[in-house]
Every structure is written in structure tokens, then in C-alpha cells.
Amino acid sequence: AYDEWYGRSGSCNVDINCIKDSMVQRVKNAVVRIVFSGSERCTGTLVNNTREDGISYVLTAEHCINSEDIANEAVFYFEYESPYCNGPDGSVQKTLSGATIKATGGKLDFTLLELLEPIPFTYKPYYAGWDYTGRQPASGFTIHHPMGDVKKYSYEEHPLTVADFINEYNPA
């Protein structure tokens with residue numbers, strides 16, 4: 001049986017298990033699919049804090065989750081990925097339900113959630129970090145669940161820049 005969103009992403013998105021880079025294979029465990037309001041879906045990233053104490057924070061977009069009711073009922077899917085490169089649908093067995101909003105940016109389009117349940121060790125959680133040096137990366141990649149599909153990888157080979165996204169959000 002297939003997940004109803006399996007196979008919906010565009011061809012520019014590569015199955016995460018087609019990428020052999022060990023760092024990518026480690027970081028992929030920070031990425032979760034979020035299903036909310038019955039059929040809406042987004043990507044979230046498990047992030048660390050400066051204390052590195054394992055609090056289960058998930059960073060997502062404010063346009064995805066912007067109310068406590070939606071956060072409380074959201075379902076978080078861990079390791080939802082095809083088991084091998086260009087393989088079949090992945091398992092949807094590793095889930096956690098519910099979160100609470102710790103911060104949301106509105107015009108910054110971010111929401112920081114704290115999961116209501118601890119993440120089992122068997123889910124292989126990885127807590128992503130960040131770089132605040134201000135250096136411009138020469139390239140970048142994204143691990144995500146486009147259209148709710150299995151975990152995918154997209155690569156940008158050009159230097160990353162600060163840009164605007166629609167007039168609804170703060171510039172830069």
C-alpha cells in the first residue's frame with residue numbers, strides 16, 4: 001500500500017538514498033514530514049539549541065503551522081524515505097503526535113515547535129545546527145518532503161544569496 005502522497009514530487013528532487021555522502025546520510029535524520037489539518041503537509045527540521053540538551057525542537061514555516069490547535073494535532077513522520085535509490089514508498093510507522101509552539105515569526109515565516117512526546121532512540125534523531133558566521137556558502141542542499149513525498153535531496157551549485165519571498169514577508 002502506498003502513502004497517498006508518494007511519488008508527487010517533481011523530477012528535480014532525488015531520493016535521499018541516491019546520495020552516498022556520509023554527512024548527508026547523517027543529517028537526513030533531522031528532517032521530518034509533518035501532516036496537519038487532515039491533509040496538509042510540510043517539512044520540518046529537528047534542531048539543537050545552544051545547551052545541546054536534546055529538547056525536541058522542530059523548525060518549520062509559519063505558513064504551515066501558525067496556531068496552537070494545528071500544532072497540537074500535527075503528526076511528525078521520522079525516516080519517511082524510500083529504502084534505496086529510486087525505490088518504493090517508505091515506511092510510515094515512525095510517527096509522533098502533537099507539538100506546542102515555542103515561537104513563531106509571522107512576517108519571518110518560521111515556527112519553532114517542541115514535540116509533546118520524547119523521540120525514541122530507534123527513530124535515529126539527529127539535531128541539526130546552524131552557522132551564524134555570516135559567510136556566504138559556495139553551494140547548498142536541501143533535504144525535504146516536497147508535496148509530502150518521501151524524503152528528497154535538492155542541490156544548489158551556485159553561491160547562496162539573501163533574497164525576498166513575496167511581499168507578505170519581511171525583506172531579506
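Predicted model: local features only at pLDDT ≥ 70, side-chain atom pairs only at ≥ 80, totals over all residues.
Trainee: How many disulfides does the model have, and what rule decides the count?

Mentor: A disulfide is called when two cysteine sulfur atoms lie within 2.5 Å, and by this rule the count comes to two. Cys 18 and Cys 85 form one of them, with their sulfur atoms 2.0 Å apart, while Cys 42 and Cys 64 form another, with sulfur atoms separated by 1.8 Å.

Trainee: What does the link of Cys 18 and Cys 85 tie together?

Mentor: Cys 18 belongs to the loop between strand E1 (14–15) and helix H1 (22–27), and Cys 85 to the loop between strand E5 (75–77) and strand E6 (95–97), so this pair joins parts that are 67 residues apart in sequence. The link is right-handed, with 95° about the S-S bond, and Cys 85 is partly exposed, its relative accessible area being 33%.

Trainee: Which hand does the link of Cys 42 and Cys 64 have, and are these two residues buried or exposed?

Mentor: Here the angle about the S-S bond is -75°, and the link of Cys 42 and Cys 64 is left-handed. Cys 42 sits in strand E3 (residues 40–47) and Cys 64 in the loop between strand E4 (57–60) and helix H2 (68–73), so the parts they tie together are 22 residues apart in sequence. Cys 42 and Cys 64 are both buried. If you number the bonded cysteines of the chain in sequence order, the pairing reads 1-4, 2-3.

Trainee: Which residues have the most contacts inside the largest nonpolar core?

Mentor: A nonpolar core is read as a set of buried residues joined through their side chains. The largest one has 22 residues, and those with the most contacts inside it are Ile 34, Phe 36, Val 58, Ile 65, Phe 76, Phe 78 and Leu 115. Strand E2 (31–36), E3, H2 and E8 are the elements that give two or more residues to this core, and E2 provides the largest share, three residues. A second, separate core has seven residues, including Ile 19, Val 24, Val 27 and Ile 143.

Trainee: How many aromatic pairs are found in the whole structure, and how is such a pair described?

Mentor: A pair of aromatic rings is described by the distance of the centres and the angle of the planes. The search of the whole structure finds two pairs. Phe 78 and Tyr 123 form a tilted pair, at 5.3 Å centre to centre and with 45° between the planes. Phe 78 is in the loop between E5 and E6 and Tyr 123 in the loop between E8 and E9, so the pair connects parts that are 45 residues apart in sequence. Both Phe 78 and Tyr 123 are buried. Phe 141 and Tyr 153 form a stacked pair, 5.4 Å centre to centre with 25° between the planes. Phe 141 is partly exposed, at a relative accessible area of 32%, whereas Tyr 153, at 11% relative accessibility, counts as buried.

Trainee: Over the face of which rings does Arg 33 lie?

Mentor: Arg 33 lies over the face of Tyr 77, at 4.3 Å from the ring centre, and also over the face of Tyr 80, at 4.2 Å from the ring centre.

Notes:
Residues numbered from 1 in each chain as written. Heavy atoms only, no water. Helix = DSSP H or I, 4+ residues; strand = E, 2+ residues; numbered from the N terminus. Buried < 20%, exposed > 50% of the residue type's maximum accessible area, 1.4 Å probe, protein only. Core = buried A, V, L, I, M, F, W, Y, C linked by side-chain atoms within 4.5 Å. Phe/Tyr/Trp six-rings, centres within 6.5 Å; stacked < 30°, edge-to-face > 60°. Lys NZ or Arg CZ within 6 Å of the ring centre and 35° of its normal.
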